[in-house]
Amino acid sequence: MFATNRPSGTDRPVPSFAEDQVADSSADTSVRNPKTDRRGKSTETRNAKKNTERLTKEKKRNERQAVSPAKSTAVIDSLLTTDESSREKTLPADSSRRDSSGLPLPAATPDSIARDSSAADSLRKPSSFLDDIISGSNTDSLVYKVKEKTVYIYREGDINYQTMNMKADFMRIEMDTKQLYAYGITDSLGNKSRPEFTDDGKPYTMDTISYNIDTKKAKIKGIATQEGEGFLIGNDVKRLPDNTINIRSGKYTTCDQTDHPHFYLSMQKAKVIPGKKVVTGPAYLIMEDVPIYFLGIPEGFFPMTSGRSSGFIVPSYGEEYVKGFFLRDGGYYFAFNDYMDMTLLGGIYTLGSWEASVSSRYLKRYKYQGNLSARYSKDIIGEKGSEDYMNTGSFQITWTHTQDPKFRPNSTFSASVNLSSSGYAKYGSTTMQDYLNTQTNSSISYSKTWVGTPFSLSTNLQHSQNSSDTTVSLSLPNVVI
């Protein structure tokens, strides 16, 4: 187990067996005739005995030099139990490694290196619970159970971790599994709060959530989130680390009453890739809790982009007293380029009325911008043949234009036009503001200044209309030089 460490002055090899040396000596002197030289034989015997004693003493001296008397009993026992052959196979000593008594230790073997490295690994500092700090606040209490390694947060809890934010009246964080549970609490008036979860700037509202802080996976019940101009609602939802959402028993609606929408597209299952697309299975339309199966689809694919893109516009649903139930403001949006777009909308009523409109916006950066729209409404009120029966058409045209002052500093042009038929505010309007507005005004103005001269030009055209008495006033352009 230990190698011999001989002093630098002793370079002679130590023979393993003294008997071989005795045999060799006797072989060297066997050329003499023992019958004729008795004196020589006794001399050879004495020399062989002396050589044997000398070699034995030298062997013991070398062993004493290899093992110091000050070594421990364990080392001594190991040497006593080690035979000569195993001692010959001992690795050479490493002068840089010594034991407590100062003796050199054998060179490290690969196994011992592996054991040392594993021991070093076991002594490394254990990894922390999370990669970052969880910060937050609450209004009631925070309970930490050490044995269970669980934290409880009560009332208006608000915690932040990296890009994640969670707000709920009850939260439980399990240290071992890195799992976060949150749900709302019902107050004394019967109103139940709902947790609000935000990740990467995307807000979600739900009934309950189980979120893994490490893997960023979540199981959600009763979620409602806004996607584009509509709202996505799901009863059973799984959120994956890449923000992909798998929904079972979902709804899509443009109604802002997400707790109980008036109309929605019922989906058996759907997959949402935020900012890209929504893929659905069988879906059908539901209005006022009445399913309309013939307006269903076997599957659907809806692209979603963060910028402007052409596509269909979902109509709104409602009822008017004189026109009946309606589907209106549905149509198609055209995104021609970054400088111009157009929207086509239409609507139908159960009592026969209908309407159509077209609007366009234009923009030239640092020069001008504006919008132009035209709307026509066919209004059928009452039953045909009755005294209050009415079948009339009305229209409205609006135009606004503004010019950037930096475009042409010496001249300006602006327009604000609002023209409509006399019966549009009463029969064709779809908003309360248009219905109550009986006075419309329009104006178009232009001005120009010649630099370096005392001359300037200003002209203005005005129009005024009163829908209550159907009077229209128009002023000729006023020119001032």
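So, Phe 170 is buried, at a relative accessible area of 7%, and buried here means under 20% (exposed is over 50%, partly exposed is in between, with a 1.4 Å probe and protein chains only). Quick note: this is a predicted model, where local features need pLDDT of at least 70, side-chain atom pairs count only at pLDDT 80 or more, and totals for chains, interfaces and linings use all residues. Residues are numbered from 1 along each chain as its sequence is written, and side-chain values use heavy atoms, leaving out hydrogens and water.

Now, there are 14 aromatic pairs in the structure; rings of Phe, Tyr and Trp (its six-membered ring) pair if their centres lie within 6.5 Å, and planes under 30 degrees apart are stacked, over 60 edge-to-face, the rest tilted. One of them is Tyr 152 with Phe 170, tilted, with 6.4 Å between centres and 40 degrees between planes. Tyr 152 sits in strand β5 and Phe 170 in strand β6, 18 residues apart; strands are DSSP runs of E, at least two residues, numbered from the N terminus. Tyr 152 is buried too, at 15%.

Which residues do ring pairs link into a cluster? Tyr 152, Tyr 154, Phe 170 and Tyr 183.

Ser 445 has Asn 460 in β28 as its bridge partner. Six residues lie between the strands, and Gly 452 takes a positive phi near 90 degrees in this hairpin.

How values were computed:
Pairing = 2+ DSSP bridges. Helix = DSSP H or I, 4+ residues; strand = E, 2+ residues; numbered from the N terminus.
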